[in-house]
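Work through the exercises below with the sequence and the structure at hand, and try each task before you read its solution.

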Amino acid sequence: MKKLTIALVSMILLAGCGTRDGNGQPKKIAIVVSTLNNPWFVFLAQTAAAKAKALGYESKIFDSQNNTALESDHFENAIASGYNAILFNPTDAKGSVINVKKAKDAGIPVFCMDREIDSRDAATSQILSDSYSGCIDLGKLFVKALNKKGNYVELLGIVSDDNTWNRSKGFHSVVDNYPHLKMVAQQSADFDRNKAMEVMESILQAHPDIDGVFAGNDAMAMGAWQALTAAGLAGKIKVIGFDGAEDAINSIKEGKLTATAMQFPKTIAELAATDADEYFKGKRDFPHKLPIPVDVVSATNIDKYTAYGKKN
Amino acid sequence: MPMGLSNYRASLTRFQSFIALLILCIALSLLSNKFLTIENGWNVLRQISVNVCISVGMTLVVLTAGIDLSVGSILAFSGAVAAGLLKNGIPWPAHDLFIGFTLLGTIVAALIVGAALGFFNGWMITRFKVPPFVATLAMLTIARGLTMLSTKGYPISSLGSKFDFIGSGWLLGIPVLVWISAVTVILAVVLVRKTPLGRYIYAIGGNEQAARLSGIHINRVKIIVYTIGGILAAVGGIMVTSRLDSAQPNAGTNYELDSIAAVVIGGTSLSGGRGTIMGTVLGAIIIGVLNNGLVLLDVSPFWQQVIKGLVILLSVIVDKMNSQEA
């Protein structure tokens, strides 16, 4: 039995070596994504895979499950099995740097999507969602919607996630300038709809007199909205989210959520795949960082948007 | 007789969780005047209802000296099945057929899915002697994968007002979610105290060898217990999905931990044979009250995790000390 396994493994390895330099074979692109446990990243990964295929490449999606160690395994496997490029959504700005360097040393270009890594030269290009600026715009809208005064609640995402704090900081960089806007509670709901509903229910007991809720993603905004509905407060309290997920877009359309920030995972994923394509064709001078702006979506411009992007 | 002794110990641990809960409630009501209100009471009961259902199943499993790590994933998959069938039915284009599902049909289907996965756990554990930790760990990822496959990684939302009723409706002045968990608890208490199956469960956890020699069909009992665990996870799945009006692909993540915490805080021994359903219910209430209270007091999310862990440790230490004295 042991022998058989070893034989199988070496066959796989050989097969990997065989296609690496093969001329007739289509080149292979690995898509390593931080998690598939969140629809936003599923969309990002699938769009990247679809674009790579459309450009004539083979592609495969690897799920790091928010685990930098697992991500490291994926990189090693991708390098060993002869992938020619990696479209990469990092789990951690600092922790992922070493993985990207490993690929670079093996001569495999890495193109970062949505989240950046803390290194100037490891990745070939970085196409990033500008969460921080997006939340500045959301903050401005929030201030306006609340008329510069009132109590509000902030629902944070996973507190060990860079994105959680990027969004929170962007928002506070605006809102904290208004002394009559008071944050009465700041709690984490882990980017999770159910947790957000429960946390919001409890917060409402302590602070029934709030005027607004800022949630770090749309799932939490939807959960908060449901808690507000159950408490009979829906419509009186402004709720804003972040992402541009389908549920949130529909909710804004129905006049429920006040606003969300639309990121463009489709644009990001397709640009990354196109960069890889151009790299294969010889291009080397990619901008180190390409921020993709985030649009604020509210009732006034909702007609232009659909889930995860602009209407065509 | 051991039976009398274990009853005495059981009532002691039950008493002890109750005292812990009482102290917690008094402390919280002194610290926040928002805690001890009827509305907040309903909040807490609604919030723990899912954990209560799952933890009742977990208690039965733990009483046989087993463990079920797959409850959160089974919850997610059953919820996704319910939402998917309700919203989309089963199209069968090859035969130009479409199978639609009524609300009842959807619920039954979700329960069958939960039962099947639970049965599979039990079958692996008894037929192939896979340790429960490993078998249900495998199911944790299998069922999560099935959830991803069936939802394609996206939430299934807007399930209609009838289905909504389970999660946000009230019946005779009590939330439907609380009714469901109350009925579950009552059925489980009857099962444990009044039926032969209940006695077998304790016997297996107390001493499996002795139970086998006394003619108990160990494997059959275990399979039934894991199947019940799966069904109750599916009940939880229906509750969560209805409450959110949406089946989330990542629903139920880490629920097995909350559930094991409730069982342990409730005084059930992880080595089996000792513990009560009501203890677990108290454990779940303690966790729920703690979650609620820490938010009411605006405790930072970082500290909340530390505090919850300490409470679990403390309750087990007290439990150990008591059982040594007895």
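Helices (H or I, at least four residues) and strands (E, at least two) are DSSP runs, numbered from the N terminus. This is a predicted model, in which local features need pLDDT of at least 70 and side-chain atom pairs count only at pLDDT 80 or more, while totals for chains, interfaces and linings use all residues. Residues are numbered from 1 along each chain as its sequence is written, chains are lettered from A in the order in which they are written, and side-chain values use heavy atoms, with hydrogens and water left out.

**Exercise 1. Describe the lining of the second largest pocket.**

Solution. Begin with the term: on a 1 Å grid over the protein atoms alone, a pocket is an open set of points with protein on both sides within 12 Å along at least five of seven lines, a cavity is a set where a 1.4 Å probe fits but cannot get out, and lining residues have an atom within 4 Å of a point. Next, count the lining, which has 24 residues, with B:Ile19, B:Ala20, B:Ile23, B:Val311 and B:Leu314 nearest the centre of the pocket. Two or more lining residues come from each of α1 (2–31), α12 (277–296) and α13 (301–325) of chain B, and α1(B) gives the largest share, 11 residues. Finally, sort by class (Ala, Val, Leu, Ile, Met, Phe, Trp, Tyr, Cys and Pro are nonpolar, Asp, Glu, Lys and Arg charged, and the others, Gly among them, polar): the lining has 19 nonpolar, 5 polar and no charged residues.

**Exercise 2. How do helix α3 (residues 68–80) and helix α4 (residues 97–105) of chain A pack?**

Solution. Take the axes as lines fitted to C-alpha atoms, for helices over the stretch in contact, with angles from 0 to 180 degrees between N-to-C directions. The two helices pack at an angle of about 5°, and their axes are 9 Å apart. That makes α3(A) roughly parallel to α4(A), a label for angles under 35 degrees. Last, examine the contact (heavy atoms within 4.5 Å), where residues of α3(A) including A:Phe75 and A:Ile79 meet residues of α4(A) including A:Val100 and A:Ala103.

Methods:
Angles under 35 degrees count as roughly parallel, over 145 as roughly antiparallel, 65 to 115 as roughly perpendicular and the rest as oblique.
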